Amino acid sequence: MHHNLVRDNYHLKALVNSECFFTIREISSLRKFLVEGMSCAACQARVEKAVSNVDGVTSCSVSLLTNSMGVEGNATDDAIIKAVIDAGYNAYVSGTDSDIRKKSHNYEEDIIKDRETPKLKKRLIYSIIFLLILMYVSMGHNMLSLPLPHYFDNNYIALALTQMILALIVMLINSKFFVSGFKSTIHGAPNMDTLVALGSSVSFFWSIYVVYKMCGMVASGDMNLRHIYYNELYFESAAMIPTLITVGKMLEAMSKGKTTSALKSLMKLRPTTAILIKNGVEKEVDIESVRAGDLFKVKPGASIPVDGIIIDGESAIDESAITGESIPVDRKEGDTVKSATINQNSVLICKATHVGEDTTLSKIITMVSDAAATKAPIARIADKVSSIFVPVVIIIAIAVTAIWIMNGADMSFAVERGISVLVISCPCALGLATPVAIMVGSGVGAKNGILFKTSEALETAGRVNTIALDKTGTITKGEPKVTDIYNTKVSSSDVLIDIAYRLEKNSEHPLAKAIVNYALEKNNSKENIVTNDSNIKDFKILPGNGIVATIDDKLSHAGSSTYISTIVALDDAVNKKIDEYTSEGKTPLLFESGGKLLGIIAVADVIKEDSPYAVMALKKLNMNIVLLTGDNERTAENIAKKANIDKVIANVLPDGKEGVIKSLQDGSKVAMVGDGINDAPALTRADVGIAIGAGTDVAIDSADIVLMNNSLVDVVNAIRLGKATLKNIYENLFWAFFYNVICIPLAAGAFPYKMNPMIGAAAMSLSSFTVCMNALRLNAFKVNKNEKSK
């Protein structure tokens, strides 16, 4: 029966110096760039490929949703930016240089700033004005007999030239499509703009050809131009195509903006000022002026400016901005407070501990934005299709035109079919299918205290079918109490408590704290015992076993019965007591000094009220639940029974947890839930690591998902949100593929309905908008808050 005593400062120091810890730290540090000029998934794939080929780049992830790029490796910024420029786009570093930071505030605001909608709106207004005039001339006059100057009566050459000029103006207004489309083609990476540019240009130049044809007929004396004018000119299509695509782009930009609403709302919570106290004088300053160690004052109703610790006062704090919990939490002197939470009742004097980017709110914002800069594995399917999509569509359009001509169709009809194929095809929906859902899903999670560090973490959470739960602090409250004292004949309870106090004083493990608190309650004078360094020497933590130190010149040990039995013999009376305590779900800790067993101190932790409900909720999601702990088997079984967990793996040393997770991964997707300190190797090994409580920086660094609340119910919510997001991604991908599979043959004329290119452009403009709107449905996701929630 091994007792796991590894949640302590010794193990924390070992972890900080471990290879695992630094690997995690390195993975989490991305250099971030903003990319300009991308219009579709093909552009995204082109940029990603170009940067990935730069020497020194280990990984590159480009987000079409936020026009951002995350790069890892030792390549220089200049080399990365040059690769993007050579690919036909622009890029610049965001949120790292101090000057840039002053101009743009920070990276997170950069990536969600809506730069496109104002430009698109202006373009659209001008386009519609000239397009309406063009439609009046081409359709209003011809089909509805709307009046025009008499000069145009039966003057088909003049009417055609007027249409040409108006169409050319609309095309110039939307020149971005043509510049981007043909530029990307020159660079060998045609994109969606290429399809738009080709469709509009072919319509325009075909109509120019028809105008010349009409002029030739007039020159030869043939004045029968009516049929050609009405049936072979496509100037209105040449103008309508870029205008409708601009409408779609604006709708897409607006809906994409809504997907970042959660991130924007978090940013709005950032306090802008603080009341500093220096030399007894209060002064309101900008938040950037606050430094760690400064004293600051928080008035009732005010937002707490930075993370800190309460020096004076007590109050109820509304922490909903961080945890998602609406019920205020009482905080008193010595308690920590977090930036952007609201002080409700009384004046507080606090000492700043974390400022700037180190505050909890800033870390949350960074996590959510970083998730957008990473790529979910499922997105690679769309990426592969997108990389070849545009060239394939161009080939199909040419083939369709040729086939219709070979089958005897009129040239104008065949060209119309080819144009329809070009403009209805949409790689954008493919490129947006995953990132819009990821952005909305991670934003919903952040609002409810569930932080997904990467897109992959959110996707994997939706695929998990096995969950390993740590015991202390995860299923239980992590606030154990001393329940029993048993001293042997060679000792007394006072001596036992004395030695136990001095051994456990330097440990941060919850069980150690329980013993220390118990000893202090029994006799406050015992605080003086450890002030004399000669009384305790050579203190050392033995991970998975216990503690060893020299006390009063005697070698002393504390730990599990298995460990202590290797040092001193345990008689029947002691073993009976051990069995008695473990059968009651208590953890027996044995203490030895000078080769003699002093006795047993039994400690019991209390299960969280919502743990049984959370486990049942996970079972309803068809999860296999495993209790994984270093505690003895009988104690673990007792806790498992109370929490409705069927499978228990106990007596696992810290190094063994990683191995257990590896074995569980045989045919399963495994999530490990722990406190993120002693469970770091297991959290890293699992397909997705979940740190519950977010108590330390190590927790944030070692897990893929960080839960701000210390509730197992949020594990349920994280899994449910992952499944809902994954389902939404599948819906988006299905729509994106289904749309192209159906619409391309329809545009090609494979069905009786013969599509006009303008209808194709309208369908294309709505496809991406549909994907974005479907992703926004995730905002309706409801989290379970307590055991009564269903």
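Colleague: What makes strand E15 (residues 466–469) and strand E22 (residues 624–628) a pair?

Modeller: In this predicted model, E15 and E22 are joined in the parallel sense over four bridges, and two strands pair if DSSP finds at least two bridges between them, so E15 and E22 count as paired. Ile467 stands opposite Ile625 in E22. Strands here are DSSP runs (E, at least two residues), and helices are DSSP runs too (H or I, at least four residues), numbered from the N terminus. Local features need pLDDT of at least 70, and side-chain atom pairs count only at pLDDT 80 or more. Residues are numbered from 1 along each chain as its sequence is written.

Colleague: Why do strand E14 (450–452) and strand E23 (647–649) stand at the edges?

Modeller: The open sheet has seven strands in the order E14-E26-E25-E24-E15-E22-E23, with mixed pairing. E14 and E23 each have a single partner strand, so one side of each is left without a neighbour in the sheet.

Colleague: Why are H8 and H10 called roughly antiparallel?

Modeller: The axes of helix H8 (residues 156–173) and helix H10 (residues 192–219) cross at roughly 160° and come within 11 Å. Angles over 145 degrees count as roughly antiparallel, and therefore H8 and H10 are described in that way. The angles run from 0 to 180 degrees between N-to-C directions, with axes fitted to C-alpha atoms.

Colleague: Which residues of H8 and H10 make the contact?

Modeller: With contact meaning heavy atoms within 4.5 Å, those taking part include Tyr156 and Met171 of H8 and Ser200 and Phe204 of H10.

Conventions:
Side-chain values use heavy atoms; hydrogens and water are left out. Angles under 35 degrees count as roughly parallel, over 145 as roughly antiparallel, 65 to 115 as roughly perpendicular and the rest as oblique.
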